[in-house]
Amino acid sequence: MKRLKSSLLFAALTMGCSIGMANDVDVKTFRYAGPFDLSQPVLVDSVDAQQKAFSAESLLNTPLNLDLAQQGRVINEGKLPTSSAQYALNLLQFNIQNASYCTLGVELKGLKHYQVYVDNKVVSPSSITLLPQTHSVVIKYLSQKDSTYTPTLKVTNAGDGVKVNTDTRRTLTLGDIQNGLQYYRLGLSANGRFLITNYYDVKDGGYTRYMWRLTDLKTGNIMRQTDEAMSWIPGTNRFYIIRKGAKGRDLIAVDPLTGQEQALVSGVGEGTITLAPNGEYLILATSQEGPREDADIYEITQPEDRIPGWRTRWNLSLVDLKTGLAQPLTFGYHNVSLEDISADGRYILYMVSRSRLEKRPTTVSSLYKLDVKTMQVTCVAHDEGFLSEARFSPDASALVVKGTAEAFNSVGKNVPEGSTPNGYDYQLFLLNVANKAVTPITKTFNPSIENFSWNPRDGQIYFTALDKDMQKLFRFNPKTNKFTRFDVPEDYVTRLAFAHNAPVAVWYGESASNSDRLYTLNLDNGKSTLLEDLSKQKLKDVDLGTCTPWNFISSRGDTISGRCFLPPHFDPNKKYPMVVYYYGGCSPVSVYFESRYPLHLYAAQGYVVYLINPSGAAGFGQAHASRHVNTAGKGVAEDIIEGTKAFLQAHPYVDPKRVGCIGASYGGFMTQYLQTQTDIFAAAISHAGISDHTSYWGEGYWGYSYSEVSMANSYPWTRKDLYVDQSPLFNADKIHTPLLFLHGNADTNVPIGESIQMFTALKLLGRPTAFVVVNGENHSIVDYNKRIKWQNTIFAWFARYLQNNPSWWQALYPDKQL
């Protein structure tokens, strides 16, 4: 937790106090910027186009950067500075920090012409509605020559928890999460000297700009910054850009030192481009639409046929960079995906997938090695289930394959007898191309594999993996079978890129209490060096509470991991409300700062936040993850209830009567299910939650395929105990907790009917509930402005039941007599 170094400095620069209900607060200390001298305009006419005569007050509308006020000097009440100019604009600034939603006023006497701005928006000073956060109040006033001003300023109707000060520090807002510069992709030249960084920058309102930057890591100089996408030509120190040409797309090679351009190939058609490492060709993945149906009445051939674009099929072509000839490599109606190109460019690795609905898994895949010189095809793996991705070894004699523990006849399976591995807990396998022998690499390795690559320079496999509630960087040496975990300075490694011919990589990541940072990594000594800290600017002047691990031992003897987030300026002598959050699928809630549910933002609203990763999450080992399968939430709920009770017992500063819970997707189901099992929660929120396992199984785009993981080999007609007895809908009468349902009405993963039917049940039962629909949004709320309203809805519901403040909810959703 960040604090001022000296209480004396705090007393000198701020006037802060907690105010009781409906009190007035005199503002005796503020920041002043100015005067900004103005002259009366030349009066060409006596009136303007609206037939109004000139008045000095109109000069208040002269544009002025209000941020200058926060840079002004701190002064106490009394006579304000004056100017010798005919007119001048002046700025007074102070902060209002409110712990809860409120409406108050700003009363100003002693100034004639002024405007009041809150967070850069002009407001009516008599009634200002504030969301719970730190707000900048700026008084923009007009002064005149030979006049003196001694104003008095007060905040009226200030409620409990309102503080007034001139501190430069503030609390976290949703804008801090949504806005600002972030990384997207990275790339290194073959010699490791030049870095391409792809950024995106989000502004207020959601406007997003993508840009690419070329940096010389040797000098630190930025050599090029453009909105034109740049990508490295594999194995070289040149990059390429794609421009629209007369006959298609042109690929242009660029020398980073000279900027000299050279045409690589012209007239490339539409599709995804992958350049071969030998620089002789590119692979173009192209799509072909399947048969079209009558738009008014049409046949669904199988469950996935409901998905827009499912009938589209992908194939591969080879485009020769010398001639531009586009040679088709694959043909057919099964989807083909390019997995890799060998280091010498001789072979490509592709995967063909097909459906098989009568048997689990319902999708099987085959891996093929194609010699692009002879067009000879070698089937490396045929109709294997549970595969995800594959890559070549440097000499193309072996593959590293990502899949679940059940892949390759369960050779990597490591779960208790009678358990089924979790299909989202990923493993790595080595596959010998010649004899098809499979070696499970990670059978006894607990972290769950995410991204991986086989480095041609040192012959080792590098990968990121979910390591409990973190995502870390690892290396595996196939010669020694040894794993190495890199000691990197961030909790969550997001993306990694290697140099082809040098022992260097670049990566970016974040931690529980900071945003993105970019590093170089020396692969020989494992040392990371900071290149750029986006978090430093993004979270400038923001006060965050602490985030610390908090684990407990369950009644089953398991160590259940968790995190504790405290509000900024935490006072252990107070009683705080608490929000409990848990995973929403099979992946753990990792400790990265920016997410759909930024937990520091909840803490900034005055909540203690308890994050728990109960049984069933990947990244804790196969046995732990397998508890997600064929339990329909039972063990998960037991962990959450036990953990919440243990947390409350260990932390007396949490009010046990003001505890809420929230989850999305599977976590939304868990929210509903928990209320049928316990009464420890005072409020609950389910976003896009499953209420009936049977209806979700049949209606969601991925309902039955997700159930292959969560309900492996179990079906509604074979396991009523799971599909019916464990569904919240069939236990709705047990729920008494106020329960809010949130759902996008375009959700194709968990259809909105899952919330509709549960909301209907609770309304018929007369239980406290509400249902808020986000129009046009799918499983996640991604629209910039809709996300703001959605997040405020969450906070308003919790404020209503955990802070005893229904005013925010009433402002958003007033009572209706219908």
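Visitor: Which elements do the buried residues of α12 pack against?

Guide: Welcome, and please keep in mind that this is a predicted model. In α12, the buried residues are E754, S755, M758, F759, A761 and L762. They cover an arc of only 160° around the axis, which puts them on the same side of α12. The partners that these buried residues pack against are α8 (666-675), α9 (693-699), β49 (739-744) and β50 (769-774).

Visitor: How many Å apart are the end C-alpha atoms of helix α12?

Guide: Helix α12 covers residues 753-765, which makes 13 residues.

Visitor: Is E754 buried or exposed?

Guide: E754 is part of helix α12. A residue counts as buried when its relative accessible area is under 20%. For E754 the value is 2%, so this residue is buried.

Visitor: Which residues is E754 in contact with, leaving aside its neighbours within four places in sequence?

Guide: Some parts of the chain lie well away from E754: its C-alpha atom and that of L521, 233 residues apart along the chain, are separated by 46 Å. Contact here takes heavy atoms within 4.5 Å. With the neighbours within four places set aside, E754 is in contact with G689, I690, S691, D692, S695 and Y696.

Visitor: How many of the residues of α8 are buried?

Guide: Helix α8 is one of the elements that the buried residues of α12 pack against. Its own buried residues run through Y666, G667, G668, F669, M670, T671, Q672, Y673, L674 and Q675. Helix α8 is largely enclosed by the rest of the structure, because the buried count is ten of the ten.

Visitor: Which element gives the largest share of the lining of the largest cavity?

Guide: A search of the whole structure finds one cavity of 30 Å³ or more, and about 80 Å³ of space lies in the largest cavity. Two or more lining residues come from each of α8, α9 and α10 (703-710). Among the lining residues are Y666, F669, H693, Y696 and S707. The largest share, three residues, comes from α10.

Visitor: Which residue in β35 stands opposite F463?

Guide: Strand β34 pairs with β35 (residues 470-477) in the antiparallel sense, over seven bridges. Strand β33 (residues 448-454) also runs antiparallel to β34, joined by five bridges, and there F452 stands opposite F463. In β35, the residue opposite F463 is F474.

Visitor: Which residue takes a positive phi in the hairpin of β34 and β35?

Guide: The hairpin of β33 and β34 has six residues between the strands, and G459 takes a positive phi near 70° there. The hairpin of β34 and β35 has two residues between the strands. In that hairpin, the residue with a positive phi, near 60°, is K468.

Note on methods. Residues numbered from 1 in each chain as written. Predicted model: local features only at pLDDT ≥ 70, side-chain atom pairs only at ≥ 80, totals over all residues. Heavy atoms only, no water. Helix = DSSP H or I, 4+ residues; strand = E, 2+ residues; numbered from the N terminus. Expected span 1.5 Å × (residues − 1). Buried < 20%, exposed > 50% of the residue type's maximum accessible area, 1.4 Å probe, protein only. Arc of directions from axis to C-beta. Pairing = 2+ DSSP bridges. 1 Å grid on protein atoms, 1.4 Å probe; cavity = no way out; pocket = protein on both sides within 12 Å on 5 of 7 lines; lining within 4 Å. Points joined across faces, edges and corners; volume = space filled by probe spheres on them.
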